[in-house]
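Hi,

Here is the structure I promised to pass on.

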Amino acid sequence: MKKKILVANRGEIAIRIIRAIQELGYTAVAVYETPDNDALHIRVADEAVWLGDGPRTDYLNIEKVIKAARKVGADAIHPGYGFLAENPDFAKACEDTGITFIGPSSEVISNLGDKVTARRIMAEANIPMVPGTQNLKAGDQGVDEAVAFGAKYGYPIMLKATAGGGGRGIRRVENEDQLRTEVHVARAEAKAAFNNDNVYIEKVVLTPKHVEVQILADAKGKTVHLGSRDCSIQRRNQKLVEIAPSLIEDRKLVDKICDTAVQAAKAANYFNAGTVEFLVDKDMNYYFMEINTRVQVEHTVTEMVTGIDIVRTQIKLALGKELAFNQEDVQIRGFAIEVRVNAEDPQNNFMPEAGKKVTVYRSPGGYGVRLDGFVYQGYTIPEDYDSLLVKMTVFGFSWNETVDRLRRCLANYVITGPKTTIPFYLKLVNDPDFQSGDFDTSFIETHPELIDYDEQGSEVNKLARLIAEIHFEGENKYAI
Amino acid sequence: MERIVTGMSIDEVLKTMRGHEGYYITNTARDLSQSDFKNRILLHTDLLAAPAREKANYFSLEITGGASVHVDILRKQVDPFLKLELLREQMPNTMFQTLCRGVNLFGYRPYPQNVIRLAVREFAKYVDVWRVFDFMNHIPNMLAVFEEVQKAGKILEPCVCFSTGPEHTDDFYVKKVGEILEVTGDEILLCIKNHGGLGTPRRIGQLVAAIKDSYPDIVIHYHGHNTDGNDVGRISAAVKNGAKIIDAADHSFTGYYGPPPILSVIHDLREEGYEPVGINESAIIETSEVLRSEREHYEYFESQFKGFSPTVQIHKLPGGAMGSSFEQAVKGDFLDKMPEILHDELPQVQKELGNYWSVTPGSQILWTTAVNNVLDGDRYGNPTGDLKNLLLGKYGPFPFYQPPDWIYEKVFGADWKKILEEQGGLEEIEDIDIEKERAALAKRLGYEPTEQQLVTYLQHPNDAVEFFKFEEKFGKVYVLPPSILMRRGGFKLGETLQFKDHNGKEHVIEIGPKQKSEDGKWEVYLNVDHHERQYSFQEVVQGSVAQEAQLSKEEVEDLAKAGDVRAPFKANVCEISVEEGQDVKVGDRLAMVEAMKMQTPVDSVVNGKVEKIFTELGRALNVGDKMIKIKVDEG
């Protein structure tokens, strides 16, 4: 019988997964909350199940999603990214009900989701990591331990609450004096916030590049990488632009990072698709950061330069297929850049523009452009979810060609209604540092001029604005 | 060489002209635009006409000056310097002519000497012929411009302003010409500036002959207006009596108060045996063919009153002020009072105020005084600041006689003699610190201004800043034809607009639908170079201001006595003279407001302390709008 796969997600990634399911000849089932009534993923799916009124509660409700899968008789569930994708309880619930979870096992998700466990696994496998300590000893002993670390590795360093996460429970320390007081403060704070006063230390890697490696592993333990990605262009830890492969000139180093990623995945007993994230400092030292146990937003750039359909492979691996190719079969060809077209106003601190209706939508076409989106003309962007509208991925044979193509495609992209990040990216593609590939995670901070654009900037757009005003007013009030 | 071209010195010009039997023509495009189209003829139109006008071989094209510099930035949103630069590209040989007031230049109030000199230097880069006048024919008022023009090696054309009446004799004018020559030397063109188009052909002929009798070598440029329909006659008489250059305009744009058609002048004088030197008549016809189809787009700016106005001989309003006067009458809803104002009150005021020359800014003083006198029913009871300045002799001495004492008493009160003694006399304006002004402009713009921007700013500070900001927002809009910029009633759905931008790139804009969105905003859709663009507009709630009962003059006065200072009439704030917390006494100036080119001080009627300033520089006020709150001193 035709296999049925439920997609436990929404937006562009739901559509991306539905496409792969349908290409495989399977039946795709969408789920949705009420605010997504008009969402495109429901329309393109073969079946759809309403989960509840939401918002952001039913997509996260393990019981309801499993119930929906059972109701439609789904063989497998693809969780996409976000929502339940990295929730080990959800993977476990699938395992318990005999529904195939498209991703690694609940145990792997659980291990890699826990920072301390993940660090331990990687340390045992000799994966290079940002220098750090175990939990600091209690009392003044711990302070001495911290001071000794500072003396050895230099400042700044980070004091982190072991039970913290998502940016919480982290304090940056600039010198020894500060460290001596901050250890106590951090402990007290961790105790108050997480009811656990364990803290540890990590060296701060200044202005690193964010380099990550796409991994695929089958059930037999065959693990390959699909090359590197650079995701350094971020705004407050949110990636905006992703590139494949990394532009680091020392290709041997990049190869080494990729090999390390495979080792790391193996050490974690990894299965299915995942991403191993590294920081690369100015001296080209690289450090393991974490493994993301799901399909990444930016998987498209890797697909473009390798030709390998990652989501299709995920499904096949989950359904028991082996990897049909070896590491040496993976060839990186050309470059790809993905920009996340968000409904945000970059000039207003990237404030979301949700709730607005897309009055005009015209996307670019032609050679070398791929769009993964879910908006259409007349669609009102729900206020309840994230602001990603479309991922535009361009690819080209050389870096310069790819940048040129990106510029052309951005200039040809018309979305009116909500403000978007498109004009911001247009400034970005014209930035000499970006063009020369010279960027790290401090890029947006150090290039404030990127948000200094005039949306109606070109001469004709300025004139058109006056024409619109004359049309609206019925006369040129500036001439009267 | 027959043709007079740019770059020729005054010597060469004079030599060439004196060597010819014929006469020369100035195409007075600017004055035509100002008189008959409220100065709205766009650069776009002048650029269309430029190639044909260049071929026509005029002595000069009068294309800037007068109020046009102000209207360029205020209503046409074109940089007055860029305008000249672009026209020069199309017209490399034709001299460009300007008209400026000695003390006011292109503005309405006297400027400091250093501002005048800087402006002349900057404009002299583009302008070859400088016609300079003073509405009191007071020569010292023009000296700074005379000097700078001659220093720049440009052609100086001082004016004697002409009017009619018992005092306006040939002797008077011949003497004036002598006074001018005394300060300028012989190397000038002399303009007889007949801005009202006054007098008969016979009168003008006599005047020209009288001047030529005394100064046989002088080259006279006759400038007139066709307000009464008879300027061709006056021009003809001027040329027959020895004038060498005359002012006329392209016929397809002529009509009422501007100069008469060039071709009519040529035809008339040909019969009399005078030929225009070097003129290409087919190019004149071609110009009008080019312009003819543009005229319809300016219809809104044409005079509300069609037809000639021979009663100009009674009211003497200059051609350049006719259109705007009628416009004010319509906007101020006193059109029915116009016959009384024009034919009874204005001639009377004119006589009472010394029978000086009715031209800017003197004409505005006469006009506003006459209008106030009629509308208020209390003659001279509501004097403007400029009328006070006139009476105090700030503009110069009265040429023939001083206005009667009762007017002084009415305007200044019982103490008028003391006031006249203390404050009377020519206004001395101290030089300003130009670098300080440059810094102030840079601060307002957020970038370092160019020298030209500075010059524009020094003349019309607020309007210049508004204009520069407009350009930042809307770009260089001179590229848009009048069919777009002067469109009334909006565009048709699907209408296609085509134009080239400032850089020469061709653009197509298609008009899309206009609709109201759910949140009450209006959305206008345009297809700009094949890209959909959307523009949102907030609907202005009609009548929200009008419904508020307007305060009467008495109410405004009563409130002022309580320290609640309100706008006395519809005006713009052009100066705020006090700061919050400042002590003020009765008679202290609180602010200046400007309406109809006239500045009026708002003085305190109480002693007290400025508590709050509600208004700001450049704000447009309606009658009764809150301006300043003063805490009135007890007792």
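Ala243(B) counts as buried because it has 30 C-beta neighbours inside 10 Å (buried means 20 or more other C-beta atoms within 10 Å of a residue's own, exposed means 12 or fewer, partly exposed is in between, and C-beta atoms are placed from the backbone). You'll find Ala243(B) in the loop between helix H10 (231-240) and strand S8 (245-248) of chain B. Leaving out residues up to four places away in sequence, Ala243(B) touches Tyr23(B), Val208(B), Ile220(B), Tyr222(B) and Ala238(B); contact here means C-beta atoms, placed from the backbone, within 7 Å. Ile211(B) sits 32 residues from Ala243(B) in sequence, with 9.9 Å from C-alpha to C-alpha.

Before you go further: this is a predicted model, where local features need pLDDT of at least 70 and side-chain atom pairs count only at pLDDT 80 or more, while totals for chains, interfaces and linings use all residues. Residues are numbered from 1 along each chain as its sequence is written, and chains are lettered from A and ligands numbered from 1 in the order in which they are written.

Now chain B as a whole. It has 24 helices and 20 strands, taken as DSSP runs numbered from the N terminus (helices are H or I with at least four residues, strands are E with at least two). Of the 635 residues in chain B, 47% are buried. Among contacts in chain B with a separation of 6 or more, 72% are between residues 24 or more positions apart.

One helix pair to look at: H6 (residues 113-123) and H21 (residues 451-459) of chain B pack at about 135°, with axes 10 Å apart. Axes are lines fitted to C-alpha atoms over the stretch in contact, and angles run from 0 to 180 degrees between N-to-C directions. H6(B) and H21(B) are therefore oblique to each other (under 35 degrees is roughly parallel, over 145 roughly antiparallel, 65 to 115 roughly perpendicular, and the rest oblique). On the H6(B) side, the contact is made by Val115(B), Leu118(B), Ala119(B) and Glu122(B). H21(B) brings Glu451(B), Gln452(B), Val455(B), Leu458(B) and Gln459(B).

Finally, the interface: 38 residues of chain B are in contact with 23 residues of chain A. S12(B) gives the most to the side of chain B that touches chain A, with 6 residues.

Cheers

How values were computed
Two residues are in contact if their C-beta atoms, placed from the backbone, lie within 7 Å.
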